[in-house]
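Please read it with the model open beside you.

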Amino acid sequence: MIHFLSDLHLSPDTQGISRLFLDYLAGEARTATHIFILGDLFEAWPGDDTLDDPEDALGRVVVDELRALADAGTKIAVQHGNRDFLLGSGFAERAGAVLLSDPYLLVLPNARFVLSHGDMLCTDDAEYQAFRQQVRMPVWQQGFLSKPLAERKAIAAALRQQSEDSKRAKSMQAMDASPAAIEDLLRQHGGATLIHGHTHRPDRHEHRVDDTCVERWVLADWHENHGEYLAWDGAQLTRHALRPTA
Ligand code: LP5
Ligand code: MN
């Protein structure tokens, strides 16, 4: 089995989600040969030195449990989301994971998947795309990461608030993947099934690209009492719900 999941937004404020995820890592994830985490594993990631922050144990707990899963034989791949695009080699090494490009083409014996967080597809949201372009520049990231961790955490918190405020003024359509961007990506990856998250609108869509029908699966975001992963068993994709144990 191969699992795909995204948009957990792990934070010390959402302990139910953390518990669901840690239970998943110790349980159902062990039956997977590979898990692909397609972005926004964390609510905000101000840099890998957060793993040495005495005030924040969550990152350490998560990397330790990811590492235990990797040591038990499951391969772990992580893509950047718009909240945790600063996950770096320090995180990956400690978690026993590999960081994937976005998009990433996964070629299997009888299927091809194109994997993306999904924020790059929201091209009608020009404000966000300008922000994204800026913060994905290595030189910008070096400058940001050279600030003290406490300052970066404060900036991240301010940006989260600003993001919630700015979203109120945006249309639902602007915050969804745009048809043109989807079509371009599907065409570039000739017929591969697209799997992405970010929009928090779990669904299965069919797109016609150059007379071929191509599937697009949108992953679910996680909540305090509900998580979800998509599983590929070699023949089909199915959604699996995760619920808290009593
Ligand atoms: O995340 P979500 O779901 O609320 O909304 C996203 C887009 N917002 C973001 C911003 C993040 O939420 C902020 C958290 C980042 C934490 C990172 C950690 C540390 C790095 C911080 C360094 C910058 O991604 C939102 C989209 C929405 O998805 C739907 O697709 O609409 O886009 C925005 O809200 C962005 C605004 O439209 C534009 C913001 C301009 C801010 C200008 C500041 C310039 C940078 C200054 C850096 C100090
Ligand atoms: Mn996202």
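**Notes on sheets, pockets and ligand**

1. L194 has R216 as its bridge partner in β9. The two strands concerned, β7 (residues 193–196) and β9 (residues 212–218), run parallel and are joined by three bridges. Strands are DSSP runs (E, at least two residues) and helices are runs of H or I with at least four residues, numbered from the N terminus. Two strands pair if DSSP finds at least two bridges between them.

2. A word on the basis. This is a predicted model, in which local features need pLDDT of at least 70 and side-chain atom pairs count only at pLDDT 80 or more, while totals for chains, interfaces and linings use all residues. Residues are numbered from 1 along each chain as its sequence is written, chains are lettered from A and ligands numbered from 1 in the order in which they are written, and side-chain values use heavy atoms, with hydrogens and water left out.

3. Which strands make up the open sheet of five? The order is β5-β6-β7-β9-β8, and the pairing is mixed. β5 (104–108) and β8 (203–209) are the edge strands, each pairing on one side only. From one strand to the next, the twist averages 25°. Here axes are lines fitted to C-alpha atoms, for helices over the stretch in contact, and angles run from 0 to 180 degrees between N-to-C directions.

4. Another open sheet has six strands, ordered β4-β3-β2-β1-β10-β11, again with mixed pairing. Its edges are β4 (97–100) and β11 (237–242), which pair on one side only. The average twist between one strand and the next is 25°. Within this order, β2 (residues 34–38) and β3 (residues 75–79) pair in the parallel sense over five bridges. L38 has its bridge partner, Q79, in β3.

5. Now the largest pocket. Its volume is about 870 Å³. A pocket is an open set of points on a 1 Å grid over the protein atoms alone, where a 1.4 Å probe fits, with protein on both sides within 12 Å along at least five of seven lines; lining residues have an atom within 4 Å of a point. Points are joined across faces, edges and corners, and the volume is the space filled by probe spheres set on them.

6. What lines the largest pocket? There are 34 lining residues, with N82, Y128, F131, R160 and S163 nearest the centre. Helices α4 (126–135), α5 (138–145) and α6 (149–168) each give at least two residues. The largest share, eight residues, is from α6. By type, the lining has 14 nonpolar, eight polar and twelve charged residues. Nonpolar means Ala, Val, Leu, Ile, Met, Phe, Trp, Tyr, Cys and Pro; charged means Asp, Glu, Lys and Arg; the others, Gly among them, are polar.

7. The second largest pocket holds about 360 Å³ of space. Its lining numbers 17 residues, and S11, P12, A44, P46 and D56 are the closest to its centre. α2 (58–71) and α6 are the elements that give two or more residues. The largest share, four residues, comes from α6.

8. Finally, ligand 1. An N or O atom in the side chain of D125 is 2.6 Å from a ligand 1 oxygen atom. For K170 the corresponding distance is 2.7 Å. A polar side-chain atom of S166 lies 2.9 Å from an oxygen atom of ligand 1.

Terms used
A polar contact is a pair of N or O atoms within 3.5 Å; within protein, one must be able to donate a hydrogen and the other to accept it, and residues adjacent in sequence count only if both atoms are side-chain atoms.
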